[in-house]
Amino acid sequence: MRNTMRLTAATAGLLTVVAGGGAAFAANATPSPAGGTTTSAPRTPEPGEAAAKVNREAAIKIAQDKVPGAQLAEAEFDGDETPATWEIELRKDAVEHEFEIDATTGAILEQESETDTDTGDDADGQDDD
């Protein structure tokens, strides 16, 4: 009976460790531009990012609320500007959406959209290369 209890306790402990590791692995999974997920090492915060009132995830959500269904392409903190900002780049279909979000208030300071069909031709239709 005692051996059975020890074995059961050891098994429960092992399952807890494995499940915890799986949760940690999933926490590092990030959306890929292709729509799946990729797993990466934990991200190192930029200088000043820890003091920002609006964190990375909140800034991404603010941008994604403006373009439902868009996938994250890039999120970068810029603490050199006043105010500090998040630069968020999203992609949906053939359109790239760029946002500059105030890291203190969450306000969208700039928003631009650009299609991937830009050929490099100027107004007269001639390639400048």
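This is a predicted model: local features need pLDDT of at least 70, side-chain atom pairs count only at pLDDT 80 or more; totals for chains, interfaces and linings use all residues.

Q: What's the mean pLDDT of the chain?
A: It's 75, and 60% of the residues reach 70 or more. pLDDT is the predictor's confidence in each residue, from 0 to 100. Over residues 7–29 pLDDT stays under 50, and for that stretch the model has 8 contacts beyond four places in sequence.

Q: In what order do the elements run?
A: From the N terminus on, α-β-β-α-β-β-β-β, which comes to 2 helices and 6 strands.

Q: Back to α2. Which of its residues are buried?
A: Arg56, Ala59, Ile60 and Ala63, in a helix that covers residues 56–66. They sit on the same side of α2, because they cover an arc of only 100° around the axis, taken from the directions from the helix axis to the C-beta atoms. Buried means under 20% relative accessible area, exposed over 50%, and partly exposed in between (1.4 Å probe, protein chains only).

Q: And which exposed residues are on the face turned away?
A: Glu57 and Asp65.

Q: What happens at the start of α2?
A: A side-chain oxygen of asparagine 55 comes within 3.3 Å of the backbone nitrogen of glutamate 57.

Q: Now the largest nonpolar core: which residues touch the most other members?
A: Trp86, Ile88, Leu90, Phe99 and Ile101, out of 16 residues. The elements giving two or more residues to this core are α2, β3, β4 and β5. A core like this is a set of buried Ala, Val, Leu, Ile, Met, Phe, Trp, Tyr and Cys residues joined through side-chain atoms within 4.5 Å.

Q: Where does isoleucine 101 lie?
A: In strand β5, and isoleucine 101 counts as buried at 0% relative accessibility. Leaving aside neighbours within four places in sequence, its contacts include Ala59, Ala63, Trp86 and Ile88.

Q: How many residues apart in sequence are isoleucine 101 and isoleucine 60?
A: They're 41 residues apart in sequence, and 9.2 Å apart in space, C-alpha to C-alpha.

Q: How many aromatic pairs are there?
A: The count comes to 1. The rings of phenylalanine 77 and tryptophan 86 have centres 5.1 Å apart and planes at 65°, so the pair is edge-to-face. The rule takes rings of Phe, Tyr and Trp (its six-membered ring) with centres within 6.5 Å; planes under 30 degrees apart count as stacked, over 60 as edge-to-face and the rest as tilted.

Q: Is phenylalanine 77 buried or exposed?
A: Buried, with a relative accessible area of 6%. Tryptophan 86 is buried too, at 1%.

Q: Last topic: what does the side chain of aspartate 78 reach?
A: The backbone nitrogen of aspartate 80, at 3.1 Å. Aspartate 78 lies in strand β3 and counts as buried at 16% relative accessibility.

How values were computed: Residues are numbered from 1 along each chain as its sequence is written. Side-chain values use heavy atoms; hydrogens and water are left out. Helices (H or I, at least four residues) and strands (E, at least two) are DSSP runs, numbered from the N terminus. A polar contact is a pair of N or O atoms within 3.5 Å; within protein, one must be able to donate a hydrogen and the other to accept it, and residues adjacent in sequence count only if both atoms are side-chain atoms. Contact means heavy atoms within 4.5 Å.
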